[in-house]
Amino acid sequence: MHRRARLRWILPSLLVSLASTSWTPARAAVEFERDVLPILEQHCFSCHGGSPKVKGSLRLTSRDGWVKGGDGGEIVDELNPRKSRVLTAMRYDDEMLRMPPAGKLDDATYATLKSWIDAGMPWAGKEDYGVEPEDPAKAKPVDPMKGWSYRPVTRPEPPQPSDARLAPWIRNPIDAFVLARLEAKGVKPAPEADRKTFIRRATFDLTGLPPTPSDVDAFVRDEAPDAVEKLIDRLLASPHYGERWARHWLDVVRYADTNGFERDNDKPFMWRYRDYVIRALNEDKPYDRFVREQLAGDELDDVTSDARTATGFLRLMQWDDEPPQGHEQARYDVLDDIAKTTSEAFLGMSIGCARCHDHKVDPISQKDYYRFVALFDGLTDFRTDGCLADVSPPEMKAEFDRLEAEKREEIRRIEADLAPFTRDLARALELRPAISGSDDPTMWRYTFQEPKGDWSAVAYDDSFMKLGRPGFGAEGTPGTLVNTDWREAEIWLRRKFVFGGDPKQFGLAIHFDDDAEIYINGVLAAQTKGYIVEYQELKVTAEGRAALRAGENVIAVHCRQDFGGQYIDVIPLPDRKAGLAELQRFKDLKRKLEIARERPIPRHYAPAAQETGRAPRATHVLVRGNAAVKGDQVEPGIPKVVDFVPLELQSPPKDADTSYRRRSLADWIVDARNPLTYRVAANRLWQGHFGRGIVRSSSDFGELGERPTHPELLDWLAAEFVARGGSLKAMHKLIMTSATYRMGVVGDPKGAEVDPVNDLLWRFEPRRLAAEEIRDTMLAVNGRLNPRVGGPYFFAPMPEEVLATSSRPEEAWGESSEEEVGRRSLYIKVKRSLLHPMLTVFDFADVDASCPVRFRTTQPTQALTMLNSPEVNDQALRAANHLEKQFGADDDAIIRHLWFTAFSRAPSDIEFGEARDLLKQQRETFGKDRSGALQRLCLFVFNTNEFVYVD
Amino acid sequence: MSTESPNPSRRTFLMQASAFAASSLLGGRAFAENGAIDLSMSNPLAPKAAQLIGKAKAVIFLFMYGGPSQVDTFEYKPKLYQLDGKTIDVKTRGRGGAKNKGRVVGPQWKFKQYGQCGKYVSDLFPEVGSLVDDIAFVHSLYCESPIHGSAMFQMNSGALFSGKPCLGSWVNYGLGSSNSNLPGFVVMLDKTGGPISGAKNWSSGYMPATYQGTVVRPTGVPILDLDLPEGMSRPELRNLLDRLWKQNQRHLADRPFDSELASRVASYELAYRMMEHAPEAFDISQETEETQELYGLNHEKTFDFGRNCLLARRLIERGVRFVQIYSGGNHNDNNWDAHGDLKFNHDKHAGATDRPIAGLIRDLKRRGMLDETLIVWTGEFGRQPTAEYEKGTGRDHSSFGFTAWLAGGGVKGGVSVGATDEIGSAAVVDRFHLKSFHATILSTLGLDPNHLSYRYSGLDQKLVGVEGADPIRRMLA
């Protein structure tokens with residue numbers, strides 16, 4: 001749109017370059033060097049061109065810079081200078097864009113700059129008053145691996161060892177790649193781990209639990225040549241495999257059961273997503289399907305219950321129910337979180353850096369970022385329960401539909417029975433309300449102004465009062481049937497009723513909020529205080545009764561509002577007994593209706609993706625990431641740097657309620673030609689087995705990430721993964737049967753010398769158990785482990801000291817049954833603001849953002865937890881009791897069994913002696929009874945290095 | 001960055017990649033002959049040289065949770081008294097949303113001039129007032145959120161959402177801790193409970209848990225699980241540790257390449273020392289009667305906060321880098337969140353803190369510690385000049401302009417920087433985004449706010465954001 005304006009500027013720009021130092025139009029109202037330059041120097045240059053770091057890529061030290069603008073686009077509107085963005089910023093009109101940031105310019109200064117801009121920004125003196133901006137790319141040496149991850153995956157041929165004597169070490173091609181690098185450095189691979197070590201390693205690796213003593217025994221004795229293969233098959237078939245490996249993925253997708261922020265409310269049924277991941281792994285769902293379901297399970301050709309549940313992936317982010325910068329900004333925060341997690345989890349690409357502006361070293365531009373964001377811009381805004389979808393399995397769905405229909409029918413029936421009551425309660429209770437005159441018999445005369453004179457008297461002329469149907473009050477007051485609005489402080493009411501016989505048969509029904517007086521024929525017949533929440537009978541005084549006469553009577557009511565709800569309705573009951581029976585029926589029906597309405601249909605709900613329709617709103621580049629400053633519109637797409645596999649935007653079918661953008665993205669991601677997807681996935685698998693990826697920065701395969709230690713091996717694995725149909729279990733087996741995986745932890749001393757961080761993989765590195773594994777192993781040892789897979793989370797006991805850090809300690813956490821607390825740590829509620837200390841102290845993933853690799857810290861607080869915490873001491877006591885129950889007074893049997901369950905081996909003679917001595921000393925020196933002494937023995941075992949490190 | 005100091009991103013890599021395994025190949029040698037423990041190689045909290053020359057070595061951060069009102073405490077707005085009760089046009093934004101007019105609530109306290117610099121301070125803070133020549137005020141801070149939760153995150157970590165390391169984490173990451181018997185980042189809460197979002201306010205975010213705040217309790221056992229389990233005596237613990245040592249040494253002998261195992265053995269000795277020494281740090285009975293009086297420990301009103309201030313001094317004396325003390329906790333009037341009765345609320349909280357804060361500054365000064373200790377006083381935001389409701393003096397939140405102050409190491413006393421408009425509704429003179437305040441704090445410690453970075457998610461993350469921020473130079477000595 002600025003084409004013409006641009007032409008207008010070509011000429012002056014040329015002039016600038018020709019004249020080189022100055023260009024001054026004829027009508028310069030202000031003088032640049034005298035008036036303008038000092039202002040620019042004082043207020044602009046320090047950030048925009050006066051130092052090597054230039055903010056917003058905007059250099060204001062030259063005229064060129066003013067014309068060019070910065071990351072946010074042009075700052076001067078050449079066609080209409082007065083509308084220039086820079087002026088808006090200086091006026092502080094736009095809350096999100098205020099310059100200079102240190103304070104608004106005074107009026108005179110502003111006027112000077114305005115007229116200078118008006119005049120076309122005449123420039124004089126030096127062409128540029130700034131300093132060279134820094135170029136971070138400059139300092140870097142040329143890197144042959146630059147852009148490696150964007151190159152197509154080839155399937156390299158496994159290399160032959162140059163020393164044929166080493167060939168027998170190779171069990172599968174993985175080893176060939178590893179050996180080639182070892183050979184090059186002259187380092188020998190470590191000898192194979194023994195059977196006991198291997199089963200312990202493999203069992204923890206695949207299930208997160210220790211092998212049982214009988215498992216160990218059987219494996220050690222198994223002389224079959226395929227003993228290892230059988231073991232791995234058995235472990236992969238265990239439901240605990242899905243639990244262990246789900247946790248790896250849950251770290252990456254930042255799984256939590258709550259929203260974070262102030263209230264940190266629950267994400268209801270989020271656990272169904274967690275269970276989906278467990279199930280997908282246990283079923284060995286092909287990886288492409290796993291990806292497609294999470295990103296676009298609702299858009300697939302076959303939308304299964306699992307596929308819908310999988311889209312919970314798109315609802316896992318932190319969510320602020322009270323966003324400080326408005327809902328639009330919050331929406332982009334959510335989209336940013338989703339785009340970032342998606343790109344990091346599936347593509348190993350950190351796209352989030354480009355949210356605010358381009359970075360020189362980053363091949364992903366800001367436009368790329370917003371094109372990627374647009375792929376998700378069809379998603380409905382997140383709401384705590386507005387995102388729930390019915391994901392009931394089809395076989396249960398029919399039953400649920402039947403129950404639902406039944407429920408609807410029952411509600412309809414009760415409502416029909418209720419109708420006479422709700423339509424005109426007075427008529428229903430009075431039974432025969434006929435009176436003389438033309439008025440509807442149950443209508444009242446009413447006024448909000450105190451009536452003059454004896455307003456309750458029979459003879460009082462109430463014709464000035466308005467006519468209204470009962471009850472009177474404010475909608476929303478409990479238990480009421482409001483027909484006439486009353487919101488003033490007081491109300492006076494009058495009506496007639498016919499009464500036939502015996503005063504003893506007369507009664508009153510009432511609902512009031514607040515104090516009321518009731519008169520019959522001018523005599524005070526009843527009085528109430530406070531309020532009630534449903535219709536009740538009201539006792540009539542003897543005087544009131546005496547005032548009744550056969551035939552027509554006048555009832556008058558005065559009611560006052562105090563605060564909160566307000567309501568008044570009085571129903572005379574000429575036949576008290578029958579009237580009250582009807583009232584009871586009315587109340588019973590209401591209760592029945594309530595029960596019917598609240599009867600739950602046990603449908604399976606889960607947070608899931610939903611879109612606004614087939615055509616999402618337009619997505620724009622946001623200047624500096626600010627939702628209030630929209631730049632160019634962008635079409636959904638993928639970053640240029642990876643678009644050699646083109647993204648095909650699929651158009652949704654006519655009856656679709658989504659845009660198919662996510663499906664398009666998912667299909668692009670799982671395309672076998674995508675260079676990132678399978679490299680990233682194979683690398684995560686490797687990391688799960690070896691504690692570190694072939695690329696250590698497993699969510700960052702970009703320029704700033706780490707380089708692969710074995711690029712060919714990674715490519716071969718990626719190709720193999722595709723060739724094996726995306727089967728994770730096949731890959732686990734491939735990796736775990738390699739000689740590389742089977743190495744021991746002690747190897748060639750030369751390796752330690754030339755490669756202390758084990759980049760070459762000359763040995764297997766021991767691994768500290770993850771937070772969950774430590775707790776789960778204690779449960780396994782003490783027999784408390786409840787192996788139930790899946791289901792809602794539970795509350796592990798939370799120390800009071802930790803609860804006290806919450807702003808509402810009494811509501812912050814819950815309590816679960818003894819049986820529930822024995823479940824695996826994976827199922828402990830992940831409350832963002834209150835993570836369990838037993839987990840966090842051992843480096844549980846930060847759940848607010850994607851966690852590709854957990855830290856592995858060694859801290860004294862961990863020792864405090866293991867030695868002193870009531871949790872661990874309780875686990876030790878349970879272990880003691882469990883052992884005592886099994887082996888009675890036989891200390892040796894107890895020691896042997898404890899060693900087998902905790903360390904997967906028998907105690908040595910020395911250990912036997914020391915353990916016996918510990919028990920003895922506990923009893924004799926420290927005065928413990930037997931279970932007290934055994935508790936200390938178990939506590940000792942839990943605290944050893946061997947307990948928490950697996951070779 | 002100075003070349004002597006370890007490069008944080010290199011350390012990050014090591015931690016992420018191999019969890020310190022590479023950092024100490026000496027393994028078994030972690031135990032020296034005399035039994036002393038050398039953890040310098042594997043302890044991320046080991047002291048480091050600052051990047052620049054800084055005066056302060058430790059921070060005591062006084063967090064006035066809930067948001068104190070600037071015009072009733074430290075920013076004198078004489079015109080506001082006259083406007084009391086009048087409805088005026090003024091843009092505000094708080095929990096009640098954005099408004100364009102409101103009924104002015106005049107300041108509820110009188111202001112007096114104090115010190116050489118003649119600074120006006122309200123009657124809420126007579127004791128702190130008497131120390132204004134040691135204090136640098138900034139009256140023109142602004143931030144994006146007028147909502148407690150996100151504003152707390154921003155004040156503590158620079159971001160409106162959680163997941164980023166807090167100031168205390170950054171300071172420990174940048175400087176390390178000089179006492180391995182105590183955590184480097186300590187948090188003390190109000191007796192009424194934690195602030196909104198609890199532990200997220202002292203989280204280390206994407207940094208290792210080593211850098212997260214440790215909540216300590218002023219009474220009883222100060223640190224979680226510091227106390228021995230039931231029925232265990234110290235000799236028994238020593239006995240258990242010796243047995244563990246023996247068992248672990250045998251395990252270690254077969255695994256010569258795994259220094260992490262040796263670190264873990266050493267961490268048990270560290271824990272043992274923490275159990276022995278940490279309680280001493282919390283034992284205020286060692287303080288003289290006069291000192292206790294100085295902090296207000298003899299008065300019910302000031303006892304809790306005073307004790308926490310005194311403990312803070314004892315902790316930084318012992319090498320703790322960063323102590324954060326919350327004034328106010330829980331919800332409503334249990335903190336500075338004066339929506340209803342401003343007078344009642346601020347009298348209560350200022351009354352509980354004025355003397356302890358002044359006592360802390362005086363005590364540090366006479367011990368020669370003030371030069372090396374930075375004291376920070378702030379809320380997560382300020383309050384509006386107008387009333388929130390039809391009746392009453394309560395003020396809603398305001399993030400358009402608020403006051404904070406610094407005292408001690410690296411700080412120039414007796415200065416006031418910036419100002420809000422005549423009625424205190426928004427910063428207008430020398431406005432500073434909250435991140436400039438963070439930059440100022442880091443600068444007093446010798447940390448360069450634009451270079452102190454940590455690599456995460458493809459970016460060199462900084463407390464002040466990737467765009468950087470400059471310190472408020474006029475507050476610096």
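Reply: Arg591(A) is partly exposed, at 42% relative accessibility (buried means under 20% relative accessible area, exposed over 50%, partly exposed in between, with a 1.4 Å probe and protein chains only). Glu534(A) sits in the loop between strands E9 (523–528) and E10 (536–538), Arg591(A) in helix H19 (576–598), 57 residues apart (helices, H or I, of at least four residues and strands, E, of at least two are DSSP runs numbered from the N terminus).

This is a predicted model: local features need pLDDT of at least 70, side-chain atom pairs count only at pLDDT 80 or more, and totals for chains, interfaces and linings use all residues. Residues are numbered from 1 along each chain as its sequence is written, chains are lettered from A and ligands numbered from 1 in the order in which they are written, and side-chain values use heavy atoms, without hydrogens and water.

Next, Asp759(A) and Arg696(A): their closest N and O atoms are 2.7 Å apart in a salt bridge. Asp759(A) lies in the loop between helix H24 and strand E16, and Arg696(A) in the loop between helices H21 and H22, so the pair ties together parts 63 residues apart in sequence. Arg696(A) is buried at 10%; Asp759(A) is partly exposed at 25%.

Over all chains, the salt bridges number 120. In chain B, a network of them links residues including Glu280(B), Arg313(B) and Asp363(B).

Terms used: Salt bridge = Lys/Arg side-chain N within 4 Å of Asp/Glu carboxyl O.
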